[in-house]
Amino acid sequence: MSLARRCSRSACGRPAVCTLTYVYADQTAVLGPLATFAEPHAYDLCTEHSERLSAPRGWEVLRLATPAHDPGPSNDDLLALADAVREAARPVPPAPAPSAEQGAHETRRKGHLRVLSSD
């Protein structure tokens, strides 16, 4: 199974190269570089469909520059990834015991969230 994203247009199997989003308040369609993650309210388009894009009458199409080739991760991307790995490797400090006046105690933990009960 390929992890590459495909064009959102029906019956098009070509790889996506850019992402289309709509700014309804400004009546603008924005066509820019392929988004990092697939979003439910954005449309990934192949080269052919992005070149033939038209918007409703009265709307503006804003075409942002898209790179001709995949530049790969930037230095900022790599630093953010390294920071995330460091953060995930840190030991989790023990949670402070609830005070008697709070009247609640921790029943279970999921990541950084705690489920409290008031027995």
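I started with the surface. The accessible surface of the protein chain comes to about 9,800 Å², and carbon and sulfur atoms hold 56% of that. Accessible areas come from the Shrake-Rupley method with a 1.4 Å probe, and for residues only the protein chains shown count as cover.

I noted the ground rules. This is a predicted model, where local features need pLDDT of at least 70, side-chain atom pairs count only at pLDDT 80 or more, and totals for chains, interfaces and linings use all residues. Residues are numbered from 1 along each chain as its sequence is written, and side-chain values use heavy atoms, with hydrogens and water left out.

Next, the fold. I found 2 helices and 6 strands in the protein chain. Their order from the N terminus is β-β-β-α-β-α-β-β. Helices (H or I, at least four residues) and strands (E, at least two) are DSSP runs, numbered from the N terminus.

I checked burial. Of the 119 residues in the protein chain, 17% are buried. Buried means under 20% relative accessible area, exposed over 50%, and partly exposed in between (1.4 Å probe, protein chains only).

Then I looked for the core. The largest nonpolar core has 9 residues: C7, C12, C18, L20, A29, L31, L45, C46 and L53. Strands β1 and β2 are the elements that give two or more residues to this core. A nonpolar core is a set of buried Ala, Val, Leu, Ile, Met, Phe, Trp, Tyr and Cys residues joined through side-chain atoms within 4.5 Å. In soluble globular proteins, nonpolar side chains tend to be buried together.

Beyond its neighbours within four places in sequence, L45 contacts C7, R9, A16, V17, C18, L20, L31 and S50. Contact means heavy atoms within 4.5 Å.

S50 sits in helix α1, residues 47-51. Is S50 buried or exposed? S50 counts as buried because its relative accessibility is 8%. A polar atom of the S50 side chain lies 2.8 Å from the backbone oxygen of T47. Outside four places in sequence, S50 touches C18, L31, L45 and R63.

Last, I looked up backbone angles. A11 is not a glycine, yet has a positive phi of about 60°. A11 lies in the segment before β1 (18-23), and counts as exposed because its relative accessibility is 90%. Q27 is not a glycine either, and has a positive phi of about 50°. Q27 is in the loop between β1 and β2 (28-33). With a relative accessible area of 42%, Q27 is partly exposed.

Key: Polar contact = N/O pair within 3.5 Å; in protein donor to acceptor, adjacent residues only side chain to side chain.
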